[in-house]
Amino acid sequence: WARMPPVVEALREALEGTGAVVLDCGPKQCEVFPPGVNKGEGVRALLEVLGGVPPSAVLACGDAENDVEMLRLAGVGAAMGNAK
């Protein structure tokens, strides 16, 4: 496995200006998202499918950087004790 910090930095540099988001998810994993794709937008779409449930009615739990948008969207966002 490659060490992630240098890989993440290289990806961020290579994708600069594209709107893509590169997240360091730990020693052996990173995530690359196109612009506007994140867990917050996924939850927002799900709430619409469920009949327009307001974000204020949501409790979201997360433990990593890829949860930030979802936690901000939710009426109650809780970071886990082991959150990064």
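**Figure 1. Overview of the predicted chain.** Of the 84 residues of the protein chain, 23% count as buried, where buried means under 20% relative accessible area, exposed over 50%, and partly exposed in between, with a 1.4 Å probe and protein chains only. This is a predicted model, in which local features need pLDDT of at least 70 and side-chain atom pairs count only at pLDDT 80 or more, while totals for chains, interfaces and linings use all residues. Residues are numbered from 1 along each chain as its sequence is written, and side-chain values use heavy atoms, with hydrogens and water left out. The protein chain holds three helices and four strands; these are DSSP runs numbered from the N terminus, with helices (H or I) of at least four residues and strands (E) of at least two. From the N terminus on, the order of elements is α-β-β-α-β-α-β. The C-alpha trace spans about 40 × 30 × 15 Å along its principal axes.

Figure 2. Strand E3 (residues 59–62) and strand E4 (residues 76–79) run parallel and are joined by four bridges; strands count as paired if DSSP finds at least two bridges between them. Leu59 stands opposite Val76 in E4, and Cys61 has Ala78 as its bridge partner in E4. Together with helix H3 (residues 68–73), E3 and E4 make a right-handed β-α-β unit. The term right-handed applies if, with the strands pointing away from the viewer, the path from the first strand over the helix to the second runs clockwise.

Figure 3. Ala60 counts as buried because its relative accessible area is 6%. Between Ala60 and Gly26 there are 21 Å in space, C-alpha to C-alpha, and 34 residues in sequence.

**Figure 4. The loop between E3 and H3.** Asn66 has its place in this loop and is buried, at a relative accessible area of 12%. Its side chain is joined to that of Glu31 by a polar contact of 3.0 Å, a term for a pair of N or O atoms within 3.5 Å; within protein, one must be able to donate a hydrogen and the other to accept it, and residues adjacent in sequence count only if both atoms are side-chain atoms.

**Figure 5. Salt bridges.** Side chains of opposite charge can pair when their charged atoms come close. A search of the whole structure finds two salt bridges, each defined as a side-chain nitrogen of Lys or Arg within 4 Å of a carboxyl oxygen of Asp or Glu. In the salt bridge of Asp67 with Lys39, the closest N and O atoms are 2.7 Å apart. Asp67 lies in the loop between E3 and H3 and Lys39 in helix H2, so the pair ties together parts that are 28 residues apart in sequence. Asp67 is buried at 2% relative accessibility, whereas Lys39 is partly exposed at 37%. Glu41 forms a salt bridge with Arg44, with 3.5 Å between the closest N and O atoms. Both Glu41 and Arg44 lie in helix H2, three residues apart, about one turn of the helix.
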